[in-house]
Each structure stands twice: as structure tokens, then as C-alpha cells.
Amino acid sequence: MLEVDQLLSKKVADRYLKKEVLGEGTYGVVYKAIDTQTGQTVAIKKIRIGQYKEGVNFTALREIKLLKELKDPNIILLIDAFPHKNNLHLVFEFMESDLEAVIRDRNIVLSPADVKSYLQMTLKGLAYCHKKWVLHRDMKPNNLLIGVDGQLKLADFGLARIFGSPDRRFTHQVFARWYRAPELLFGTKQYGSGVDVWAAACIFAELLLRRPFLQGSSDIDQLGKIFAAFGTPKPAQWPDMVYLPDYVEYQFVPAPPLRSLFPMASDDTLDLLSRMFTYDPRQRISVQQALEHRYFSSVPAPTKPALLPRPPRKGDSLTSRPPDLNVQEGPTVLSPPRKSRRVMPQREKVEGDAHQADRVDDHFIDVRQTTGGNTGKSETMPMSIDFSVFGSRPPPRPTLNSADRSHLKRKLDLEFFPPE
Amino acid sequence: MAANFWASSHYKQLLEQEEVDVVHSPDKEKGFTLEDFKLIKMQMSNYIAKLAQYVKVRQRVVATAITYMRRVYTRKSMTEYEPHLVAPTCLYLASKAEESTVQARLLVFYIKKQYNDEKYRYEIKDILEMEMKVLEALNYYLVVYHPYRPLSQLLQDAGMTELTQLSWGLLNDTYKMDVILIYPPYMIALACIYIASVLKEKDTTAWFEELRADMNVVKNISMELLDFYDSQKVTADERIGAALHKLALKP
């Protein structure tokens, strides 16, 4: 068996046996590999170099720089880095799934204790970053990876930055839109750890609702969605708001009771949510304070990571499981059997595992097509309705695609250092 | 950067003087002495600073680039890692790591402007190739702490902001030596304040006492810096030329 394995897989450097491709990362292909020294399964990000004659990708370099400093159980571990055939390879611990796959999997029931556990691990990872003065700036469920042992880890530090220098101005074009804090949407250039807290609050809400909470279709619409949920902020609530660069006045809408948006949530849950969703970043709860909130000390206790429900692994879902025709779960089970986050629809055959990979792709394209038409419909639905009842899906979530990225990269380069 | 130095890779990587002062065997075989080694590192620090002026980056980037270059030579020989290529590559890498990217194209333009000599003129592809090797030599550790921020904070605390200019200049000069690889940044800052206060005849005894910093270390760094200035009185150009000549010898 081992020999066959070795024939099928290519050796990278001396140490790693390359297996199937896991997907397309933000700046290169990610594939599975075996570390022959430890027998450990790892994920290797191959970073293309020299494409734009600017050497090691700026985003990749940022990720390397920060991950070399960040070592925490709730942060993805960068095991190794090495050059091979003019490409830089980053070796990460292998992660089985991600939080988006969990949230989207209709077969998974998340109890309040499960939600608490996932949120706690998210905040712990974030607290460690903030303690080290690192802003993540791209918090969203598919950047929260889940390991074989159930541990959740923050990944994708390509947008992360060291902060804490006063007056250093940053770009506001960070985060996928649905997770962007109101101060960013109003164009602030000076912000702090509060932006990550807002995004974590969106993830918290998404865990409760099982769909993205505030699905704006543009930046303006995003603010509209935020204000519809929490009421248009009054200057007394957020004094600095009117001075923000892109501030525009919105028609006043009163806040509906938070309870109406999260009918099943406990009082502690709602209290923590409202503190994390505070408009004024100065008054927003910090990650550390959030971890000390009574939500985490009250019953139910957070589920142990190893016992958390997780989506089935690729092999299970595609081969061994009998077709599941449970009507309650909707006519089709569309959650991708494997990490959908990195798997882009790709038509080329993937070496080693071509047959399975093709099936995954078709599956994934299906998901995208069926979701396309539902965008309008979902917005008119009450927020607490479970989409699975209708067998429809929430609209596909916006991510930073490569065009955005390169635009962003240029912007980041330009805006970080205004003339001094 | 306001991050925590004591938890950083920089702190864990601090070396002893003896570990820094190692001439690697390929260089030794050419008759390279420790003195030669130090002179070339100084010369390359100056070269980085010069290039940085042309491409207009902040002092922080210069300091990081010099630190990278000095870290590379704690592990690699100058014979294998040509200093005239390593220096601009470190500047290039530091500009990216410090979030103020300089285009390789621009850097190459100024390198050519600096050197008429064919053998020190490099192309973009040389820099990019060396970038990967430098990254590897640095073991991918890119975060560096500098004494600049502690310096201004300490001066403010001491109420001696009038010493800023002098101590800042002293601090810039510390990068012509290896102190950044050996001492915590705030100690280096304290040494600069110490020298500046002695020169300007300010009494800082009480303030230093209150800080409870290890004055032996502060004084050691100060002495090193003063020794360095002494050695610079003898014109260095000739000696640098001789050292570079040795390096150019074919093994």
C-alpha cells in the first residue's frame, strides 16, 4: 500500500509526499501531503513566485511573518516553509473542515452548548492575536478551520496586520462585506481590534441562525441591513460617527427588539451579542471581556471540542453512506462533502484523485447555480426561518476574489503609508 | 510596533557576541579576519541606508533591512552570499515586511546608478532569487523590534526630549554594529540616552536608578559604541577596500 502511495504521489522536497489537491488558496494551490518524517498529514500551500516580477507574494509574506510569531491552540500552525522549484511552500497542520461547512450542513444540529464552544474557540484565537497586537481583518466562517480533534483555529492571515501604532492609517477595504464593522463601511482609516469583534459577532449570529446574518449586496446596503437590525445609530450612541470619511445620513429606523431576531437565544446570549454589536467601537466589548462574559460561565457549559458535531469527511459522504432521503431535511443535501472554502470550480483533472475531485466540482457548481436565483427571495423572509424547510439555500457569500485581492493589494500598499 | 517584545521571535533569537563574531570557513580560507567581516557588514549597512534614501523608505525599513543582513551573516558566508546582492535584497524584503513595498525595478535602477563596476550590478531576477535564499537563511522570521519607539518613550518619560536629536543619531549609528542582534532594543535605547546625557552633561543618575535597568549592560553597549567611534577615526575606506579585495579572491 505504501509503495502504491508513493507511486501515485509526487515527492516535494525530501520530506513531503504530495497527495491530492485540496483547493485554490488566495495565492496558490493548496494540497494534502504526508510528512515522511513524522507520518503526519499536512496541508501545503504552494505560492507562485515571479508572476508579477515582484518576488514572494506580499500577502503570503505577511502571512508568514505573522504566523511565525503566533503559536496558539486556536491559531493555525505554520509547521515549515521551504522553496522548491522556484516556488515557496508553506506547510500547515492539516485541517479537516471549516466552520462554514458546519453552519451549512443541514444534517448537523448545533445545540446552544455547541455554539458556545465554537464561539469560545474563535474568541480565544482572536484574543491571542489581539494580545500580540495583530488584527486578523478577515474573520469569516470559512477562515475558521476545524481540526481532526475538533479544535477550531483561525487561518488565512493574508490580510492581518500588526496594529497599535498611533496614527498609522489602514485601509478600510478589509473583511468580506457581511462581516465588516460599521466604522469600516463609513470609511474609517484608524481602527482597532473592534473590527474583529464585530466580525466575530456576525459569526456568533450566524451560528445561531444557521445562515449569514447581515447579507448586504453593496456597502450601502450592508449598512442598511445593519441599521435595520439594530436601529440607526444616534449621535449620542456613537459620537464619532458623523466625522467618518464616508459618513452619510441614513433614514432613521428604530431597533426591533433583539429577541425578535434571535427568538431561541438565551438572555446571556442576547446580552453578549448586543455588546459585541455595539456601534461605537470605543464602547464595543473587547475580545478578552467577551470571554469573561457570563455567557461562558453559565449553563450549558461549552461542548468539548472532540464531541462537537462536524460534517462527514469526504470519503464517508461520497462512498460509504447510503442515500439519505429524510424529507425534513429538504429534497437535496447540497453541502459540499469536503471543504468548499478553497475548492473553486476547476475543470482540469486533478492528479491522483481525479475521479472524486470531478464529482466534488460538479456538486459545487450545482450549489452555486441553485443558489443564484434565490438571492432576492431570501431577503424578504423573516430572519428566524430555517431555509432547509424550503429546500432552498441562502445566497452565495461574497468573498474577496483574486481581482479584489490584487486591487486590495495595491490599495494596501498605497494607503498604509501616507506621506509623512 | 507596539507588540510584545518578550514574547517575540526576535527576543528568542538574541545571540551572544561570540556567536555573532564568527567568520565562516569559506571566508576564513580567503584570509578573511573578524575585522574584515565587521567592516564589510558596516559598509553594507551604509549601502542599504544609501539605497533607502533613493527609494524613499522610512528609517524603520532601513533598520529592519540591516538587521536581516546581519542575521544572514550569522549563518552564511560572504563567499556564498555576495554582500552587494544580499544588501539590496534585504532592503527589498524589509520594505515588503514593513508594509511599504519598493519595486524591485526601482531598486535595480539605483543599484546601477551606485555602481559602475559591472560585477556589482544586479538584475531583478538576481534580487528575486536571492530573496528566497535570504528568507531561508532568516528561517522565515521577519518581525524585528527596534529601539526607536522605546527611545522616544524613554526620553519623554525622563523629560529630556531635548536629547532626541543627538540620541537618535547615536541610535542610527548602532546599526553599523551588531548590537541589534545581541541586546533587547530598549537597552540599546537606554545606552544612546546615557551617552547623550553624558555628552550634554545632564544628570540622569536618579532617573536611571528609578528604572532599575541593568546599568552594566547599558554601560557595555555604550562602551562598544564609543569604541566603534574611536576605530572610525582611523580612516576606514582603505581598510574596507582591502577587505573587499580579499573577498573577491577566488578560493
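Modeller: In chain A, strand 5 (residues 78–84) and strand 6 (residues 87–93) run antiparallel and are joined by 6 bridges; helices (H or I, at least four residues) and strands (E, at least two) are DSSP runs numbered from the N terminus, and two strands pair if DSSP finds at least two bridges between them. This is a predicted model, in which local features need pLDDT of at least 70 and side-chain atom pairs count only at pLDDT 80 or more, while totals for chains, interfaces and linings use all residues. Residues are numbered from 1 along each chain as its sequence is written, chains are lettered from A and ligands numbered from 1 in the order in which they are written, and side-chain values use heavy atoms, without hydrogens and water.

Across this pair, Leu78(A) stands opposite Phe92(A) of strand 6. The hairpin of strand 5 and strand 6 of chain A has 2 residues between the strands, and in this hairpin Lys85(A) takes a positive phi near 45 degrees. Strand 6 of chain A is mostly covered, with 7 of its 7 residues buried, where buried means under 20% relative accessible area (exposed is over 50% and partly exposed in between, with a 1.4 Å probe and protein chains only).

Strand 6 of chain A also has another antiparallel partner, strand 4 (residues 41–47), to which 6 bridges join it. One of the pairings here sets Val42(A) against Glu93(A) in strand 6 of chain A. From strand 4 of chain A the pairing continues to strand 3, again in the antiparallel sense, over 5 bridges. Tyr31(A) has Ile44(A) in strand 4 of chain A as its bridge partner. The hairpin formed by strand 3 and strand 4 of chain A has 5 residues between the strands, and Gly39(A) in this hairpin takes a positive phi near 75 degrees. Because 6 of the 8 residues of strand 3 (residues 28–35) of chain A are buried, this strand is largely enclosed by the rest of the structure.

Elsewhere in chain A there is an open sheet of 3 strands, with antiparallel pairing and the order 7-9-10. Strand 7 (97–98) and strand 10 (152–154) of chain A stand at its edges with a single partner strand each, so one side of each is left without a neighbour in the sheet. The pairing of strand 7 of chain A with strand 9 (residues 144–146) of chain A is antiparallel and comprises 2 bridges. Within that pairing, Ser97(A) has Ile146(A) of strand 9 of chain A as its bridge partner. Helix 4 (residues 112–131) of chain A lies across strand 9 and strand 10, running at about 35 degrees to strand 10 of chain A; axes are lines fitted to C-alpha atoms, for helices over the stretch in contact, and angles run from 0 to 180 degrees between N-to-C directions.

Asp138(A) lies in the loop between strand 8 (134–135) and strand 9 of chain A. The unreviewed UniProt entry lists Asp138(A) for "active site", although such annotations may be inferred rather than shown by experiment. With a relative accessible area of 1%, Asp138(A) is buried.

The buried residues of helix 9 of chain A are Asp268(A), Thr269(A), Leu270(A), Asp271(A), Leu272(A), Leu273(A) and Met276(A). What covers these buried residues includes helix 4, helix 6 (194–209), helix 8 (258–261), helix 10 (287–291) and helix 11 (294–297) of chain A, contact meaning heavy atoms within 4.5 Å.

As for the setting of these parts, chain A holds 15 helices and 11 strands, and buried residues make up 55% of its 420 residues. Of the contacts in chain A with a separation of 6 or more, 67% are between residues 24 or more positions apart.

In chain B, the unreviewed UniProt entry places the feature "domain: Cyclin-like" at residues 46–136 and 149–227. Residues 46–136 of chain B are 73% helix and 0% strand, with their end C-alpha atoms 24 Å apart, whereas residues 149–227 of chain B are 76% helix and 0% strand, with their end C-alpha atoms 25 Å apart. Leu128(B) has its place in helix 8 (residues 124–137) of chain B, and at 15% relative accessibility Leu128(B) counts as buried.
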